[in-house]
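Here is a short note to read with the structure open beside you. Take the points one at a time and find each residue as it comes up.

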Amino acid sequence: MMVIRPVKMDDLDDIVALAGRTGTGLTTLPHSRAHLEDKINDSIYAFDKSEGEPSAECYLFVLEDSATGQVVGTSGVVAAVGSTQPFYTYKLNTEVHYSKSMDMYRKLNFLTLTNDFTGASEICTLFLSPDFRGGGNGILLSKCRFLFMAQFPQRFGDRVVAEMRGVSDDSGHSPFWECVGRHFFGVDFETADRENGEGNNQFIAELMPHHPVYVPMLSEAAQAVLGEVHPQTLPAVQMLKAEGLRYTGYVDIFDGGPTIEAPVSEVRTVNESFELEVQIGEIPTQGMTNALVSNTELKSFRACLAKLAPPVEHKITISAEMAEALQVKNGDSIRVRFY
């Protein structure tokens, strides 16, 4: 069984191996053992934190193959971005010009540097080993975060955002970066991407221009990828859009990839999941439906996929194997979202 749980320091070797397979563009899973160790420590702190105002803490989850104990995927959620370091995005705006003497109407798009998502929660660090793609593993990795947010809403902001990986080739060449960022930072995309992923984004404030960038002045290649996602990221963005997240004109300042967002209360897994009482036994075969399931614990959070029969009188029957995976017993509560 594939099980989601909070990361622990014993997972470091597996996560280093996963990070080595991400390529360029996944800034929240840096190719640095020391920085990955820091991320694990930050996550342990997040789960240990007593309740209070959400801040920069990042909850990092791993997908474990229970048969082998191997970690084969990661996903995370930052409680509130911009609380300790600025969270920069470009906003795509439109202005209209009209010349009466020339009888000419022009509509121009331009980009402005913003911190509009300050205080929002950010889902991030989604990566699944290519060897384990399919079978619902991507669904579990992505949507488990929303079950966690539904269970512990006081730990997160009212809005959730996701920066989607923009277009770059196998060698790390980003058309948007080459047209915009390189002129101000003087380094290649991979270097800037790595620095940002390792937590050094002060250079953005120091070097990035705060004046509007007019889209028609960009190269055709840069314009073509503005708001577009990397081909490998397309399934992830489609899944998040099905959850209710939408593109509202914000793009990443490095690769031009879209940032999508939604009020947390409108995310489908958040508002369509509910708690039920556990009964351990043989699952009825009639009316079985796919379900995303988690326990209701904080530090020992667990989630998995299942096929379950409809609940009866607010009780749901699960197998002994699933009860073991979720670390629950008869009479405990679990959170379920049928889909």
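1. Start with a term. A residue is buried if its relative accessible area is under 20%. Phe189 has 1%, so Phe189 is buried. Keep in mind that this is a predicted model.

2. Phe189 has an aromatic partner, Trp177. The two rings are 6.2 Å apart, centre to centre, with 50 degrees between their planes, and the pair is tilted. Trp177 sits in helix H4 (residues 175–179) and Phe189 in helix H6 (residues 189–197), twelve residues apart, and the pair links distant parts of the chain. Trp177 is buried as well, at 0% relative accessibility.

3. Now look at the aromatic pairs as a group. The count is 19. In one of them, Phe47 and Phe61 have ring centres 5.7 Å apart and planes at 90 degrees, so this pair is edge-to-face.

4. Which residues have the most contacts inside the largest nonpolar core? They are Ile4, Tyr59, Phe146, Phe148 and Leu245, in a core of 40 residues. Helix H3 (residues 137–151) supplies the largest share, eight residues. A separate core has 22 residues, including Tyr90, Phe176, Phe189 and Leu218.

5. Turn to helix H1 (residues 12–19). Its buried residues are Leu12, Ile15, Leu18 and Ala19. Seen down the helix axis, they fall within an arc of 120 degrees, so they line one face of H1. Their cover includes helix H2 (33–48) and strands E2 (58–65), E3 (70–78) and E6 (121–128).

6. How many disulfides are there? The count is zero. Cys58 is buried, at 12% relative accessible area. Its nearest cysteine sulfur, in Cys124, is 4.2 Å away. A disulfide needs the sulfurs within 2.5 Å, so Cys58 is in none. Cys304 is buried too, at 0%. The closest cysteine sulfur to that of Cys304 is in Cys144, at 11 Å, too far for a bond.

7. Last, two lysines. Lys91 lies over the face of Tyr250, 5.3 Å from the ring centre. Lys143 lies over the face of Tyr339, at 5.6 Å from the ring centre.

Methods:
Residues are numbered from 1 along each chain as its sequence is written. This is a predicted model: local features need pLDDT of at least 70, side-chain atom pairs count only at pLDDT 80 or more; totals for chains, interfaces and linings use all residues. Side-chain values use heavy atoms; hydrogens and water are left out. Buried means under 20% relative accessible area, exposed over 50%, partly exposed in between (1.4 Å probe, protein chains only). Helices (H or I, at least four residues) and strands (E, at least two) are DSSP runs, numbered from the N terminus. The arc is that of the directions from the helix axis to the C-beta atoms. Contact means heavy atoms within 4.5 Å. A nonpolar core is a set of buried Ala, Val, Leu, Ile, Met, Phe, Trp, Tyr and Cys residues joined through side-chain atoms within 4.5 Å. Rings of Phe, Tyr and Trp (its six-membered ring) pair if their centres lie within 6.5 Å; planes under 30 degrees apart count as stacked, over 60 as edge-to-face and the rest as tilted. A charge sits over a ring if NZ of Lys or CZ of Arg is within 6 Å of the ring centre and within 35 degrees of the ring normal.
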